[in-house]
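Welcome! Open your viewer, get ready to select residues by number, and let us walk through this protein together.

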Amino acid sequence: MIVMEQSEKVVLSLEKVHYSVAGKRILSDVSIDVTCGTWVAVLGPNGSGKSTLLRVLAGLLPPTAGRVGLHGKYWSEWSRRERAQIIAFLPQRTDLSFPFAVRDIVAMGRVPYLARWQSESRADGQAVDDAMLMTQISEIASRNVLTLSGGEYQRVMLARVIAQEADILLLDEPNTALDLQHQFILTDLLESLVGRGITVVTVLHDPNLAANKCDSLILLDEGRVYASGIPSQVLTIEAFRSVFGVEAVL
């Protein structure tokens with residue numbers, strides 16, 4: 001982990017970002033700031049650009065226009081290893097074809113700290129063990145990942161992200177496939193990480209969770225930022241009507 005000074009500073013930003021695929025505009029003129037040590041939720045209907053936004057923030061999709069900022073610098077000013085030590089990304093879906101053991105999957109989160117052919121250190125092993133404990137998968141550490149249920153698999157992928165010990169976590173629908181108990185456990189875990197100064201950005205479909213737990217929200221509509229700010233400013237009756245096409249009682 002590259003340790004940054006804890007403050008109210010902006011750690012991740014998009015400046016007038018556009019992103020297009022095959023001539024189709026997915027994101028249009030998106031400008032956002034993510035503040036250090038906060039939990040930010042990205043909301044919006046299907047196809048509004050939420051996953052694309054997260055991938056642009058993660059540096060996996062270069063914007064068609066505009067700039068991405070990380071800790072006050074642009075992407076080109078950071079090496080790939082440095083970026084991987086600062087940002088950890090959990091995609092909406094991760095497909096594995098090989099029968100790796102669960103612990104081996106989680107240990108892949110330590111790759112940004114290892115030189116080529118370098119063995120896992122004691123610190124690496126502790127980070128992996130801690131991540132498995134936090135996500136309650138220690139008892140399945142030796143299991144073949146291809147034999148897991150959807151919820152177990154999702155917790156393994158989350159553990160890999162946590163083992164990376166990054167300053168910023170970008171999570172695309174992290175509660176997918178989790179049962180009710182583990183959704184609560186995940187919520188508590190993310191709150192504890194934010195309490196330790198980690199910045200968390202999650203794509204969510206649950207406005208109740210976002211309103212009750214997140215510090216700020218970004219509401220997308222057809223690739224544009226419809227509203228951003230604290231939950232009470234973003235989740236209005238008019239927003240539900242205009243963006244989601246539903247009548248809501250707040």
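Start inside: of the 49 residues in the largest nonpolar core, select V106, I137, V156, L169, L171, V200 and L217, which touch the most other members. A nonpolar core here is a set of buried Ala, Val, Leu, Ile, Met, Phe, Trp, Tyr and Cys residues joined through side-chain atoms within 4.5 Å. Buried means under 20% relative accessible area, exposed means over 50%, and partly exposed lies in between (1.4 Å probe, protein chains only). Now colour helix α5, residues 150–163: its eight residues are the largest share of this core. Apart from this core lies another, of 31 residues, with V34, L53, L70 and W78 among them.

Before moving on, a word about what you are viewing: this is a predicted model, where local features need pLDDT of at least 70 and side-chain atom pairs count only at pLDDT 80 or more, while totals for chains, interfaces and linings use all residues. Residues are numbered from 1 along each chain as its sequence is written, and side-chain values use heavy atoms, with hydrogens and water left out.

Next, select H18 in strand β1, residues 10–21. (Helices, H or I with at least four residues, and strands, E with at least two, are DSSP runs numbered from the N terminus.) Which side chain does H18 join through a polar contact of 2.7 Å? It is R25. A polar contact is a pair of N or O atoms within 3.5 Å; within protein, one must be able to donate a hydrogen and the other to accept it, and residues adjacent in sequence count only if both atoms are side-chain atoms.

Stay in strand β1 and pick K16. K16 is not a glycine, yet its phi is positive, about 50°. Most residues other than glycine have a negative phi. K16 counts as exposed because its relative accessibility is 52%.

Then jump to E165, in the loop between α5 and β7 (168–172). E165 also has a positive phi of about 50° without being a glycine. Is E165 exposed or partly exposed? With a relative accessible area of 34%, E165 is partly exposed.

For the last stop, select R196, in the loop between α6 (180–195) and β8 (199–203). R196 is exposed, because its relative accessible area is 59%.
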